[in-house]
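Hi there,

Here is the structure I promised to pass on.

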Amino acid sequence: MHIVVIGGGITGLSAAWELQKRGIPYSLLEASHRWGGKVISSKLEFDNARFLVEGGPDTLITRKPEAWDLANELGMLDQITNPGSEVSGTYVLDNASLHPLPVSPTRFITTPLLTLRGKLRMLAEPFQPARRDDHDESLADFVRRRLGQEALDKFIGPVLGGIYNTDPEKQSIMVSAPVMREMEKEGGGLFMGAIQSAFRGGKKKKSNKPRFISFKDGLEAMVNELVRQLTGDLRLNAQVVSVKHEDDQYQISMSDGSSLLADGVIFATLANQTSALIKDISTEASQQLSTMRQQHIGTVSLVYRESDIPAKPKVNGLMIPRREKRMIDAVTFTSRKMPERSTEGYAVVRVFIGGGAPEMVEYSEDRMIEEIKRELAELLGITAAPQTWKAFRWEHGFPQADVGHLKRVDEIEKLLPPNLTLAGSSYRGIAMPDCIRQGREAAAALSLYLQGA
Ligand SMILES: Cc1cc2nc3c(=O)[nH]c(=O)nc-3n(C[C@H](O)[C@H](O)[C@H](O)COP(=O)(O)OP(=O)(O)OC[C@H]3O[C@@H](n4cnc5c(N)ncnc54)[C@H](O)[C@@H]3O)c2cc1C
């Protein structure tokens, strides 16, 4: 039995890891010259200053256990770092002014971001009727129903829209925040659900895991460790161009003219990439995958002298709602969140692009940096030029999960033979732990199927 995994991002690597643990022979094929896909940690150096920046993900949530568990299996728990809470010092832009996110009771009462009416509507959340079915809805509809329009416009929409680089009116709640629907279903609402889970948490043995984690050498350390411990057939610069039936097997052809035979295939590639690969297997599945939207996304880490950053307000992060019509979507002060990754006397600012102004991701680097400099000057008063920077971008690289997405994925999978499986950020959750879970589940299901269990 031989299984081929297409795509060497975190999903494909996790699938290969699961196959190896089960003793199943596998090949892992990656089109580019490096492993990890969007997981990319990069060193920046100039003069005597050194920085570690992340191109894609920078933290892992531990409420989803898969990344922690994998780190444990790989023997990496001693490399884990705690980047602290994601929301402290985070501001939101409203009508061109910065407001701290009203996450504490005092901030909530005093914030000018919400009117009194908006605050009262939020406080009335426990009295809203609970929806207890499993039907999907948009993030926006959910927040409007539970907390009101103002909470959506001013506070929760920008945060969730920023995290998922998406329009909350289109984004499926069941993909992005199913935990909120669970709280409503089981506890009757967000407030009651939070109390119940705190009560359950109090009864459980206290966990020593931080809420968010990273690794000392960046998240790519997990990719490097996986590659180090994987002993199967691993190939870089191996771009798959077609997958075709060949008797009871599949023929996987690569761009260099070589090919492989497989008894089962895991597509750990984005929907649009998978669509092109399966057109000879199922035109309908291929067509449906091609209609799944994939947004541009990019990040740029810029290094400034600390003295060039205005002392006030002390911003750790800034969320920029799309209605503000800016060229950038969010800003994180990495050097404040993870000071050990930077040299004293410097500030590292990570800027997210591609949501509000997708064209930014296609600009030349010079033009992109000029736009970012202008935005940082207008929004945060940073008028100095950066000392250096590093840009990362993915055109059509960020999958969007519209309302009804999970049902669509189920339907597409039914169109495929059982020995071809889909896994990764386009399908059942976009965060790294979701990708690890999907890669491993696909590998486990395929091995059991092929072993006739
Ligand atoms: C800016 C940004 C910030 C993020 N922040 C976080 C965060 O803080 N925390 C978090 O948990 N998640 C975060 N995410 C999400 C997470 O990083 C991604 O969803 C995840 O890394 C995707 O992994 P993947 O393996 O499914 O896909 P990818 O990383 O896209 O990998 C797919 C791989 O398939 C390869 N491939 C494509 N076509 C072929 C082919 N024909 N043949 C062979 N190989 C092929 C590609 O080259 C690529 O390497 C972030 C993502 C981005 C972009």
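**Salt bridges in the model**

Arg323 forms a salt bridge with Glu324, their closest N and O atoms lying 3.9 Å apart. (A salt bridge here is a side-chain nitrogen of Lys or Arg within 4 Å of a carboxyl oxygen of Asp or Glu.) Arg323 is partly exposed at 38% relative accessible area, while Glu324 is buried at 15%; buried means under 20% relative accessible area, exposed over 50%, and partly exposed in between, with a 1.4 Å probe and protein chains only.

Before going on, please note that this is a predicted model: local features need pLDDT of at least 70, side-chain atom pairs count only at pLDDT 80 or more, and totals for chains, interfaces and linings use all residues. Residues are numbered from 1 along each chain as its sequence is written, and side-chain values use heavy atoms, leaving out hydrogens and water.

By the salt-bridge rule, the count is 39. One of them pairs Asp94 with Lys154, with 3.3 Å between the closest N and O atoms. Asp94 sits in strand β7 (residues 90-94) and Lys154 in helix α6 (residues 149-163), so this pair ties together parts 60 residues apart in sequence. Helices (H or I, at least four residues) and strands (E, at least two) are DSSP runs, numbered from the N terminus. Asp94 is buried, at 7% relative accessible area.

Lys373 and Glu370 also form a salt bridge, at 3.2 Å between the closest N and O atoms. Both belong to helix α14 (residues 365-380), 3 residues or about one turn apart.

Best wishes
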